[in-house]
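Hello,

Here is the structure we talked about passing on. Please open it alongside this email and follow along.

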Amino acid sequence: MLYFYGKNSSDTPIVVGHKKKMSFQESPRPSDEEEAFYMHCRAAYLAVFRSSLTNIASKQQLCRALQQAGRNPSHATLSKYWTSTTSKLNFDDFCEILKCEKKTEEAELLRAFKKMDVNGDGYISHSELEKALTNSGEKMTTEEVNAIFSLLDVNKDGKLDYAEIGHLVIGQNGIMSTPAVSCVIRKIKAVGGIILTASHNPGGPNGDFGIKYNISSGGPAPEGITNKIFEISKSLQEYHICPELKVDLSKIGKQTFEVETFKPLTVEIVDSVEAYAEMLRGIFDFAALKELLSGANHINVRLDAMHGVVGPYVKKIVCEELGSPANSAVNCVPKEDFGGHHPDPNLTYAADLVNAMKGGEYGFGAAFDGDGDRNMVLGKHGFFVNPSDSVAVIAANITSIPYFQKTGVKGLARSMPTSGALDNVAKAMQMQLYETPTGWKFFGNLMDAGKLSLCGEESFGTGSDHIREKDGLWAVLAWLSILATRKQSVEDIMKDHWQKFGRNFFTRYDYEEVDSDAANKMIKDLETVMFDPSFKGKKFSSGDKTYEVAISDNFAYTDPVDGSVSKNQGLRIIFSDGSRIIFRLSGTGSAGATIRLYIDSYEKDPKKIYQDPQVRTTMSNSSQLDPDREILGSEVITKENKLSWNRHQFLLNIYDMKNKKKE
């Protein structure tokens, strides 16, 4: 079930927590505390401005930004920083101001509220507010009071209560997709949101479950913030619960409760789908999509929600609004255990969809994961579009989406392990490309700075700057928009794309729960060979093709927005034609390690671009090798796991090179 926090309707966040003096000494790498402070500054700034590169242009804008950061500036405070000679302030100036100004505590807000609540009934009337603001202190005009009251009186009942300065917002029936959470956080300018989710993992009482926090930009909280939350959690002495507070999650509207902390507490239940659907109407041409799905020459589609939270979104948007038959969407009732299935949209776990598509009845198919941010696209007869190709095709046909016709394309980005298919499009269309570490937060930073429009990961995640999360249904509507514009099948669009840009044959192997020591030794041995100066220029042959090493490194990323550096993100062997082999090690805990091997082979010969990726990425057709032989001192690849040795001939070649050096 997915939830998110609301914020006060005056756009003033209320932050309760530990206060600690921060040190801001120059350092190549900021501390967790400094990073958390910076992210808090950025979140507040981006709640007012589109980008942290935008300057503050007025005293009013400075006031709004400070309020977003939990400050309550007086006229005197504002005048101290915005003098008669000030024409603008930048983001760095804003951060320096926040270091000097004390954060407004919740207790202070409550005291101020009670002081204006003359009769003690828990509400502030218009007359009470006007009396307080026009007769003492820095006096306001009647027009200013009216504007403030109108802004704060969210439910328009003619009075203000404290719950309107801090309330909880929950999706109807406790259901909300991760993309919708991001959408609503941004729409209502919330402080942030909490998502309870199994993501694309098995759910239920015995399955996976996680707690995720998104910041005010709508994106995942960076490590600096999550680390700080964890540290604070270790020092908590008590917490309060309301066991008798019963909220009707099925009833849309506000419910008010008398509790000790907030008097009263307002819980607002909202339509889980409508805000998200409204956003999509502003992005896509719904008339064209409706013609594609329900017009005279409509195509048949099959969309599998895999009993995740995206089911109601598919039903309401694709079926009810765009006119696709009700039976074109399956498994749309969200279930806590996903119907006993694994809600991961790939060829293995979405096998029912794959089999249904093979019959030829449907021209387009898609599956979604448990929380609705991942997707898999299929064409007629089960034609599979790998995620790396999917984002590349969207980029190549981006003008099919009205949103980008209005905003233009600021830049493209992919995670490092994702194939270079997007690179080919960016180069041909002269678009800026960013290669980031794995993790959506890196994309979000680029988006907030106005540098990025479209991005994707090889793990079935695609998205754009309309929100700060990957978005499965958005990606599907993007593909349908391309079909509506080009009037071709998925397979024909994909083949035309390969003819124009070449094809990146891509495959990934995961070796799970292997011995951690052996895995670490393998990585170290690889580094020994790869980082030797003589390794550059080495040639390896597979069939009729020869690969020459151009670059070998451990990927490091310097964020072009904030200058932060992320090191040791994965070993890369990049060949002169753009083909790549990548090794990533993760999960070196008590359960063992996971080694991920990515193979990305580029082909531009039109006669060879239609081969099977599993065949094309096979390194050699050599005979079966000794199954007891270790590869680089590890036991990662063994006879027991039934992997074909010839796919890993490249590793054996490196192993031989390493041994020759020892000799």
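Predicted model: local features only at pLDDT ≥ 70, side-chain atom pairs only at ≥ 80, totals over all residues.

Strand β12 covers residues 375-379 and runs antiparallel to β13. The two are joined by 2 bridges. Leu 378 has Phe 384 in β13 as its bridge partner.

The cores

In soluble globular proteins, nonpolar side chains tend to be buried together. Here the largest nonpolar core has 72 residues. Which residues have the most contacts inside it? They are Tyr 276, Leu 280, Phe 284, Phe 364, Leu 473, Trp 474 and Trp 479. Helix α18 gives the most to this core, with 11 residues.

Beyond its neighbours within four places in sequence, Leu 280 contacts Phe 286, Ile 317, Leu 473, Trp 474 and Leu 477.

Another core lies apart from the largest one. It has 22 residues, including Ala 519, Met 530, Phe 583 and Ile 599.

Helix α11 against helix α18

How do the axes of α11 and α18 cross? They come within 9 Å and cross at roughly 80°. That angle falls between 65 and 115 degrees, so α11 is roughly perpendicular to α18.

On the α11 side, the contact uses Ala 288, Leu 289, Leu 292 and Leu 293. On the α18 side, it uses Leu 477, Leu 480, Ser 481, Leu 483 and Ala 484. By type, the residues of this contact are 8 nonpolar, 1 polar and no charged.

Leu 289 first. It is found in helix α11, which covers residues 286-294. Leaving out residues up to four places away, Leu 289 touches Phe 284, Leu 322, Leu 477, Leu 480 and Ser 481. The C-alpha atoms of Leu 289 and Ala 484 are 6.7 Å apart, although 195 residues separate the two in sequence.

Next, Asn 375. It lies in strand β12. Is Asn 375 buried or exposed? At 4% relative accessibility, Asn 375 is buried. Setting aside residues up to four places away in sequence, Asn 375 touches Pro 345, Ala 367, Phe 368, Phe 460, Thr 462, Gly 472 and Ala 475.

Last, Trp 440. It lies in helix α17, residues 440-448. Trp 440 has 5% relative accessibility and therefore counts as buried. Apart from neighbours within four places in sequence, Trp 440 is in contact with Cys 455, Glu 457, Gly 461, Thr 462, Gly 463, Arg 468, Glu 469 and Lys 470. Trp 440 and Cys 455 are 15 residues apart along the chain, with 9.2 Å between their C-alpha atoms.

Over to you.

Best wishes

Technical notes. Residues numbered from 1 in each chain as written. Heavy atoms only, no water. Pairing = 2+ DSSP bridges. Helix = DSSP H or I, 4+ residues; strand = E, 2+ residues; numbered from the N terminus. Contact = heavy atoms within 4.5 Å. Buried < 20%, exposed > 50% of the residue type's maximum accessible area, 1.4 Å probe, protein only. Core = buried A, V, L, I, M, F, W, Y, C linked by side-chain atoms within 4.5 Å. Axes fitted to C-alpha atoms, helices over the stretch in contact; angles between N-to-C directions. Parallel < 35°, antiparallel > 145°, perpendicular 65-115°, else oblique. Nonpolar A, V, L, I, M, F, W, Y, C, P; charged D, E, K, R; others polar.
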